[in-house]
Amino acid sequence: MEAAARSRARSGFEGFVELYRAQYGMYARARLQDAGPAAEVVAWTFGYVEAGWDAVLGCPEPTAVCWALLRGAVSRRTEVGRPAGDWLHETLPAAAADAVLLRYRLGLDLPAAARLMGVSAGVVEVELRAALRILART
């Protein structure tokens, strides 16, 4: 890869990190309930994304790929040596739990939650409705 292309790719990755680092951290802290492990998970996610940045950019929705990596890393961390307590993710399907957490616990509006998850606002709205139906039955 030529130097100019590497520089553009690096700038794109750095812009992505700048745009999403704080929100990824808020999500990870909300689920892990501990800033240290949350920071580790976010750092791992960005490191993994950086290593495969060209492949990520080749995906139809790069933000969704990155969100799935973060969600998976947080979920794995909750399974290893952490007490239960992430009741949303224990009760609801992952996407619905994420939508509830982002919208109601972290206070993101629908468009912001959708951008973070790499989906449309309509998808987030559907996930929220599904979550309400499931929670009403529990």
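Student: What does contact mean here, and which residues does Phe46 touch beyond its sequence neighbours?

Tutor: Contact means heavy atoms within 4.5 Å. Leaving aside neighbours within four places in sequence, Phe46 is in contact with Phe13, Phe16, Val17, Tyr20, Arg21 and Tyr24. This is a predicted model: local features need pLDDT of at least 70, side-chain atom pairs count only at pLDDT 80 or more, and totals for chains, interfaces and linings use all residues. Residues are numbered from 1 along each chain as its sequence is written, and side-chain values use heavy atoms, with hydrogens and water left out.

Student: Is Thr45 buried or exposed?

Tutor: Buried means under 20% relative accessible area, exposed over 50%, partly exposed in between (1.4 Å probe, protein chains only). Thr45 has 0% relative accessibility, so Thr45 counts as buried. Thr45 lies in helix 2 (residues 35-51); helices are DSSP runs of H or I, at least four residues, numbered from the N terminus. Outside four places in sequence, the contacts of Thr45 are Tyr24, Cys66, Leu69, Leu70 and Ala73.

Student: How many residues has the largest nonpolar core?

Tutor: A nonpolar core is a set of buried Ala, Val, Leu, Ile, Met, Phe, Trp, Tyr and Cys residues joined through side-chain atoms within 4.5 Å. In soluble globular proteins, nonpolar side chains tend to be buried together. Here the largest core has 39 residues. Tyr24, Phe46, Trp67, Leu70, Leu92 and Leu102 have the most contacts inside it. Helix 1 gives the most to this core, with 9 residues.

Definitions and conventions:
Helix = DSSP H or I, 4+ residues; strand = E, 2+ residues; numbered from the N terminus.
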